[in-house]
Amino acid sequence: MRKWQKIILDFYIESSLHVALSVVSLAYISLKLAHEEISYSLLIFIFSSSIFAYNFVKYYSIFKIEKIKNTFYKLIFLITSFSLIISAYIFLKLVIIAKIFVFIGAILVLVYTIPINYRKNNLRNTNGWKIYVVVLTWVLLTVGVPLSINLMNYGTLLFYLLVIQGTYIFVSIIAFDIKDLKIDDPKLKTIPQQLGVIRSKLLGSNLLILLILITLYKFGFNTPFSVSALLCFVTLLILLNLVNSKSSKYFTNFWIESLPIFWAINFYLFSYF
């Protein structure tokens, strides 16, 4: 990879544009599965709010400094600020249930990033909480907000999507935590820190197999959603068992993070076959 290509790729990942595409891809899947008309303003809201939330978490300590001298961080700050403005504008137009989901997610992001008081850690650094807070924050945006358009009619679908997407995100985070095993603070008590790499991979693999069975039971064997979901789950299963603490950051931050994007693309394409 050439130097300029690496710079662009790094900026694309570090500015949270890539992870935001993953979030909006899962939200698109929820909307399409519910047979709702695709609301592009809603997807733009989810995309922009994801950028803001992730960058707030990652760069809060840098952004609170009055003068950001590094050009890299200046650009990220501009993208983050622009994303906040777009999110705030569209938020005002959301239905009340969606606003409640977003508000809960915003509170989680705040306590995940900022300590409640100076003597306490934030949730990100509190033993064992990280993975559950991240999963809950994601599903609020990828399932709760999209289905809030007509929530009363989606009780069963809401439940299954929360289980399917929540479990998928949980397993993806296990892969990230295996890669970060050598650099994570032992006090975090991530799944790999508590179970070890082999048992963590076994847990993730079993959850993915269970997820495949749930998907086939609920949505059938030969539906666009099931076929696209199975391709995504099997790929994650393979990547989970390949990842280790020496894996490149691109292995997780790009390739594993790309899976929801490919899932959404395949779901869209298979819907026309």
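This is a predicted model: local features need pLDDT of at least 70, side-chain atom pairs count only at pLDDT 80 or more; totals for chains, interfaces and linings use all residues.
Lys-99 lies over the face of Phe-91, 5.7 Å from the ring centre. For another charge over a ring, select Lys-32 and Phe-267: the charged end of Lys-32 sits over the Phe-267 ring, 6.0 Å from its centre.

Next, show the largest nonpolar core, which has 71 residues. Ile-46, Tyr-168, Phe-225, Phe-233 and Trp-263 touch the most other members. Several helices supply at least two residues each, among them helix 2 (17–33), helix 3 (40–63) and helix 11 (249–270). The largest share, 14 residues, comes from helix 7.

Now centre the view on Tyr-168. Leaving aside residues up to four places away in sequence, Tyr-168 touches Leu-211, Cys-232, Phe-233, Leu-236, Ile-256, Leu-259, Pro-260 and Trp-263.

Turn to the aromatic pairs, of which the structure holds 15. One of them joins Tyr-168 and Phe-233 in a tilted arrangement, 6.1 Å centre to centre with 40° between the planes. Tyr-168 belongs to helix 7 and Phe-233 to helix 10, so this pair ties together parts 65 residues apart in sequence. Are these two residues buried or exposed? Both Tyr-168 and Phe-233 are buried.

Finally, select Phe-254 and Trp-255. Their rings form an edge-to-face pair, 4.9 Å centre to centre and with 85° between the planes. Trp-255 counts as partly exposed because its relative accessibility is 48%, between the 20% limit for buried and the 50% limit for exposed.

Terms used
Residues are numbered from 1 along each chain as its sequence is written. Side-chain values use heavy atoms; hydrogens and water are left out. A nonpolar core is a set of buried Ala, Val, Leu, Ile, Met, Phe, Trp, Tyr and Cys residues joined through side-chain atoms within 4.5 Å. Buried means under 20% relative accessible area, exposed over 50%, partly exposed in between (1.4 Å probe, protein chains only). Helices (H or I, at least four residues) and strands (E, at least two) are DSSP runs, numbered from the N terminus. Contact means heavy atoms within 4.5 Å. Rings of Phe, Tyr and Trp (its six-membered ring) pair if their centres lie within 6.5 Å; planes under 30 degrees apart count as stacked, over 60 as edge-to-face and the rest as tilted. A charge sits over a ring if NZ of Lys or CZ of Arg is within 6 Å of the ring centre and within 35 degrees of the ring normal.
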